[in-house]
Amino acid sequence: MIDFHTHTVFSDGELIPAELARRARVAGYRALAMTDHADSSNIDIILENIRRFAKKHGHYFDIDVFAGVELTHVPPGLIGEMAEHARKSGAQIVVVHGETIVEPVAEGTNLAAIEAKVDVLAHPGLITDVEVKLAAEYGVCLEITTRKGHSLTNGHVAALARKHGAKLVINNDAHAPGDLVGLEMRRKIALGAGLSLEEYAQAEENSRELVQKIMKRS
């Protein structure tokens, strides 16, 4: 398993990076991105710390650890600038906290994230046809999430991704040990979102392809 959306104590997660890496490995993950919630106030602190851990200690855990951020509640007009800053500051992956229906995310966040060509648009809620078409064109991955609340619109995201040929990845948005779902639950959630077995397999392949992309540009 591969996951591009997890949190540590550097935002609102419960675990330090070492414990998150260890628990993820034991749960069956082979690659993990640590993507703490970020805005202009903390993005450099997050990347400095997670990059140091990933570079110096990540390989000891027998799992590929990537340093990233999840731009969260950043005003849409600033997302492009912040995504560029994240990349220049060493983020191996940039995720944006999409327009989930269970939080007051600013309208326009999904579109701004896609236009910035981030790697993953997390829990994009009631994303529109126009936005999904653009995500497919730009190669932005849309998230099917195992996270409670955010997962309520998984079916909508899956249906539009199928309609427009957008790439899906499956993430857990882990904040605590219990959020690191195993392979069987991961599969069930994907199928429950309406994915066929073939589409589920393709989503997992999309994750493997994104890992290779990250490694090539790192």
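Helix 6 (residues 154-164) has Asn154, Val157, Ala158, Leu160, Ala161 and His164 as its buried residues; buried means under 20% relative accessible area with a 1.4 Å probe, protein chains only. Helices (H or I, at least four residues) and strands (E, at least two) are DSSP runs numbered from the N terminus. The model is predicted, with local features needing pLDDT of at least 70 and side-chain atom pairs 80 or more, while totals for chains, interfaces and linings use all residues. Residues are numbered from 1 along each chain as its sequence is written, and side-chain values use heavy atoms, without hydrogens and water.

**Exercise 1.** State what covers the buried residues of helix 6 and what follows the helix.

*Solution.* Step 1: the cover includes helix 5 (129-138), strand 6 (141-145), strand 7 (168-171) and helix 7 (183-192); contact means heavy atoms within 4.5 Å. Step 2: after helix 6 comes Gly165, with a positive phi near 75 degrees.

**Exercise 2.** Find the residues that touch the most other members of the largest nonpolar core.

*Solution.* Step 1: a nonpolar core is a set of buried Ala, Val, Leu, Ile, Met, Phe, Trp, Tyr and Cys residues joined through side-chain atoms within 4.5 Å. Step 2: the largest has 57 residues, and Leu71 and Leu142 touch the most other members. Step 3: helix 2 (residues 43-56) gives the most to this core, six residues.

**Exercise 3.** Locate the charged end of Lys117 relative to a ring.

*Solution.* Step 1: a charge sits over a ring if NZ of Lys or CZ of Arg is within 6 Å of the ring centre and within 35 degrees of the ring normal. Step 2: the Lys117 end sits over the ring of Tyr138, 4.6 Å from its centre.

Notes
Buried < 20%, exposed > 50% of the residue type's maximum accessible area, 1.4 Å probe, protein only.
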